[in-house]
Amino acid sequence: MEIFGIPHQAFLGQLMLGLVNGSFYAMLSLGLAVIFGLLGIVNFAHGALYMIGAYVAWAALEYLGLNYWVALLLAPLVVGALGVGIERTLLKQLYKLDPLYGLLLTFGLALIAEGLFREQFGVSGQQYPVPDLLQGATNLGFMVLPNYRAWVIVASLVICLGTWFLIEKTPLGATLRAGTENPALVQAFGINVPVMVMLTYAAGAGLAALAGVLAAPVIQITPLMGSNLIIVVFAVVVIGGMGSILGSILTGLMLGLVEGLTKVFYPEASSIVVFVIMAIVLVLRPAGLFGKEK
């Protein structure tokens, strides 16, 4: 049986692998969208925070003997605390300035983090084992899917949709949105807006770290892992619409599938298809697929 002249096993297998990649795109673009949508910061340090999250998981196992499940909780807390330090000492000085200043600052922070980790750990990469509970694979008929990759898809969907629901459908989310749109009014109701902003950036950083822990058993942990991925993730956010949380989630998953299909039909274009789609979307709809025109 063939689909568009491709054996159905290869076709469906690439779709499933594309969904795994799309899960990482969705997780990372979610954190970017939360930070930009609520704070207006183009956070170029997001890839570095993702990388640091993976290294926290590796160091916790290597030096402290803490397993993967503990790392899923520990890494977001550690990187979230780092995010608090970044926001309180650096970013809060830039909120009234052009967003370009925030982009340049976070880009510089990403380069510093990458340099420090390359100096400490080199560029050869570290291996992180798949947890015992998720080892093995499941035969789906058209492919053998590693259990860990299935876990990545499920965990990503739960985290992404849970975050969207929290921000868009709960009183806390309404307060966050109001605090970024009219901070003086929200402050008048007794809500500490600067603390709320600080915790929002920390939450975005924590989401990046969580994605790093999920990625650790799948890829080699290297200081370059964030910079290799962040450009694609920014393209995902632009296509979905800057600041659109649901748009970033859906676009991340969709582009992962498109990338997987491209590897079947025209492998040479798989590394650029996301940017081709971004160019087309920006020409036809500059605000992105789910963004709001101003």
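This is a predicted model: local features need pLDDT of at least 70, side-chain atom pairs count only at pLDDT 80 or more; totals for chains, interfaces and linings use all residues.
Residues are numbered from 1 along each chain as its sequence is written. Local features need pLDDT of at least 70, side-chain atom pairs count only at pLDDT 80 or more, and totals for chains, interfaces and linings use all residues, while side-chain values use heavy atoms, with hydrogens and water left out.

On the surface, Leu157, Leu161, Leu246, Leu250, Met254, Leu289 and Phe290 form a nonpolar patch with about 540 Å² of accessible area together. Such patches join nonpolar side chains (Val, Leu, Ile, Met, Phe, Trp, Tyr) within 5 Å, from residues with over 30% relative accessible area and no salt bridge (a side-chain nitrogen of Lys or Arg within 4 Å of a carboxyl oxygen of Asp or Glu). Areas come from the Shrake-Rupley method with a 1.4 Å probe. Leu250 lies in helix α10 and, at 38% relative accessibility, counts as partly exposed (between the limits of under 20% for buried and over 50% for exposed).

The structure holds one cavity of 30 Å³ or more; a cavity is a set of points on a 1 Å grid where a 1.4 Å probe fits but cannot get out. Its lining, defined by an atom within 4 Å of a point, comprises Leu32, Ala33, Phe36, Ile41, Val42, Asn43, Phe234, Val237 and Met242. By class, eight of these are nonpolar, one is polar and none is charged.

The table lists the elements that supply at least two residues to each feature; helices are DSSP runs (H or I, at least four residues).

| Nonpolar patch | α5 (147-169), α10 (245-265) | α10, three residues |

Conventions
Patches are made of residues with over 30% relative accessible area and no salt bridge: like charges are joined within 9 Å, nonpolar side chains (Val, Leu, Ile, Met, Phe, Trp, Tyr) within 5 Å. Buried means under 20% relative accessible area, exposed over 50%, partly exposed in between (1.4 Å probe, protein chains only). On a 1 Å grid over the protein atoms alone, a cavity is a set of points where a 1.4 Å probe fits but cannot get out, and a pocket is an open set with protein on both sides within 12 Å along at least five of seven lines; lining residues have an atom within 4 Å of a point. Grid points are joined across faces, edges and corners, and a volume is the space filled by probe spheres set on the points. Ala, Val, Leu, Ile, Met, Phe, Trp, Tyr, Cys and Pro count as nonpolar, Asp, Glu, Lys and Arg as charged, and the others, Gly among them, as polar.
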